[in-house]
Amino acid sequence: MTLETTVGREWFVERARFDLAAYGVLARGGDPADDPEAYQRAAHTDLLCSYLEAMERREVRRLIVEFPPQHGKSTHVSQLFPAWWLGKHPTGSVILSSYG
């Protein structure tokens, strides 16, 4: 049973408008026990989401993310955040670069 079905999809749809982690649940979905691609919330990803949300509100202008490998940096910064941001700012543009 996924978190989405436990709480209710409608809750996540409404929450995803301003909560990046809720958007992650909707976008990636699935059950972490069965699907390695399923979105998994953790304390460090919730903290990262709060900083990315602050960037969207322009409270944070620059952000360097340093986590160990396989801890969700690319998922959040390169995949979920740009899609979530463009959903909130449909006429905006995103430039994304990475090194590695």
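At a relative accessibility of 44%, arginine 57 counts as partly exposed. In this predicted model, arginine 57 forms a salt bridge with glutamate 59, with the closest N and O atoms 3.0 Å apart. Glutamate 59 has a relative accessible area of 55% and is therefore exposed, since the exposed class begins over 50%.

The protein chain has 5 helices and 0 strands, and its pattern along the sequence reads α-α-α-α-α. Of the 100 residues in the protein chain, 30% are buried. Among contacts in the protein chain with a separation of 6 or more, 48% come from residues 24 or more positions apart.

Helix α4 covers residues 43-56, a run of 14 residues. The distance from the first C-alpha of α4 to the last is 20 Å, close to the 20 Å expected at 1.5 Å a residue. Thr45, Leu48, Cys49, Leu52, Glu53, Ala54 and Glu56 are the buried residues of α4. The partners against which these buried residues pack are α3 (20-28) and α5 (73-88). In an α-helix there are 3.6 residues a turn, so residues three or four places apart point the same way.

One of the buried positions of α4 is glutamate 53. Its relative accessible area is 13%, and a value under 20% counts as buried. With residues up to four places away in sequence left aside, glutamate 53 touches Phe18, Asp19, Leu20, Ala21 and Trp84. The C-alpha atoms of glutamate 53 and alanine 21 lie 9.7 Å apart in space, while the two residues are 32 residues apart in sequence.

The helices α3 and α5 also pack against each other, at an angle of about 95° and with their axes 10 Å apart. That angle makes α3 roughly perpendicular to α5. On the α3 side, the contact is made by Leu20, Tyr23, Gly24, Ala27 and Arg28; on the α5 side, by Thr75, Gln79, Leu80, Phe81, Ala83 and Trp84. By residue class, this contact of α3 with α5 divides into 7 nonpolar, 3 polar and 1 charged. Two of the residues named here, Leu20 and Trp84, are also touched by glutamate 53.

The whole structure contains 5 salt bridges, among them the pair of arginine 57 and glutamate 59. Side chains of opposite charge can pair when their charged atoms come close. A salt bridge also joins the side chains of lysine 88 and glutamate 56, at 3.8 Å from N to O. Lysine 88 lies in helix α5 and glutamate 56 in helix α4, so this pair ties together parts that are 32 residues apart in sequence. Lysine 88 is partly exposed, its relative accessible area being 31%, whereas glutamate 56, at 14% relative accessibility, counts as buried.

A further salt bridge brings together the side chains of aspartate 46 and arginine 41, at 3.0 Å from N to O. Aspartate 46 is partly exposed, with a relative accessible area of 30%. Arginine 41 likewise counts as partly exposed, at 38% relative accessibility.

Conventions
Residues are numbered from 1 along each chain as its sequence is written. This is a predicted model: local features need pLDDT of at least 70, side-chain atom pairs count only at pLDDT 80 or more; totals for chains, interfaces and linings use all residues. Side-chain values use heavy atoms; hydrogens and water are left out. Helices (H or I, at least four residues) and strands (E, at least two) are DSSP runs, numbered from the N terminus. The expected span of a helix is 1.5 Å times one less than its number of residues. Buried means under 20% relative accessible area, exposed over 50%, partly exposed in between (1.4 Å probe, protein chains only). Contact means heavy atoms within 4.5 Å. Axes are lines fitted to C-alpha atoms, for helices over the stretch in contact, and angles run from 0 to 180 degrees between N-to-C directions. Angles under 35 degrees count as roughly parallel, over 145 as roughly antiparallel, 65 to 115 as roughly perpendicular and the rest as oblique. Ala, Val, Leu, Ile, Met, Phe, Trp, Tyr, Cys and Pro count as nonpolar, Asp, Glu, Lys and Arg as charged, and the others, Gly among them, as polar. A salt bridge is a side-chain nitrogen of Lys or Arg within 4 Å of a carboxyl oxygen of Asp or Glu.
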